[in-house]
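Here are my notes for your reading of this model. Please keep the structure open beside them as you go.

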Amino acid sequence: QVQLVESGGGLVQAAGSLRLSCAASGSILSINVMGWYRQVPGKQRELVSSITRGGSTNYADSVKGRFTISRDNAKNTVYLQMNSLKPEDTAVYYCNVDRVLTTTGWLSNYWGQGTQVTVSS
C-alpha cells in the first residue's frame, strides 16, 4: 500500500506565502503523476496543480503565476509553493498520486489526509 503524509498548511495573511509538502511511502518504485487538489465546504474538490514524473506541470487558471509545483522523485515527495495568497485560496488541500508502481504491481489513486490553508484578509 501507499501512504501520503502532508505538511505545511496553516494560517497566513493575504499576500503571504506557504509551502506544502507531501511525502509518499510504501514499497514504491515509481510514481506517475503527483498533484494537489483543494476543497471548500459545499463545493467539489478541484485540481490546483499536477506534475508528471518527467516534470511537466499543469495549473488551474486561478493559481497560475502564484503557485509552483515541484517534486523530488528520489524522495517520492511533491511540493506546492504558494505565493501571493488570497482569501479565496482558503481550503483544505489534498495531495494525490495517480498510478504508482510498487513491488507488487501498479496501484492507483491515493489521497493524503488533507491540510488546512487559511488566508486572512
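1. Strand E3 (residues 18–26) and strand E9 (residues 77–82) pair in the antiparallel sense over 6 bridges, where strands are DSSP runs of E, at least two residues long and numbered from the N terminus, and two strands pair if DSSP finds at least two bridges between them. Within this pairing, Arg19 has Gln81 of E9 as its bridge partner.

2. The model is predicted, so local features need pLDDT of at least 70 and side-chain atom pairs count only at pLDDT 80 or more, while totals for chains, interfaces and linings use all residues. Residues are numbered from 1 along each chain as its sequence is written, and side-chain values use heavy atoms, with hydrogens and water left out.

3. The open sheet has 4 strands in the order E1-E3-E9-E8, with antiparallel pairing. Its edge strands, E1 (2–7) and E8 (67–72), each pair on one side only.

4. The structure holds 1 disulfide (a pair of cysteine sulfur atoms within 2.5 Å), which joins Cys22 to Cys95 with an S to S distance of 2.1 Å. Because Cys22 lies in strand E3 and Cys95 in strand E10, the pair ties together parts that are 73 residues apart in sequence.

5. Asn96 belongs to strand E10 (residues 91–102) and, at 7% relative accessibility, counts as buried. Among the residues that Asn96 touches (heavy atoms within 4.5 Å), not counting those up to four places away in sequence, are Leu4, Tyr37 and Trp111.

How values were computed. Buried means under 20% relative accessible area, exposed over 50%, partly exposed in between (1.4 Å probe, protein chains only).
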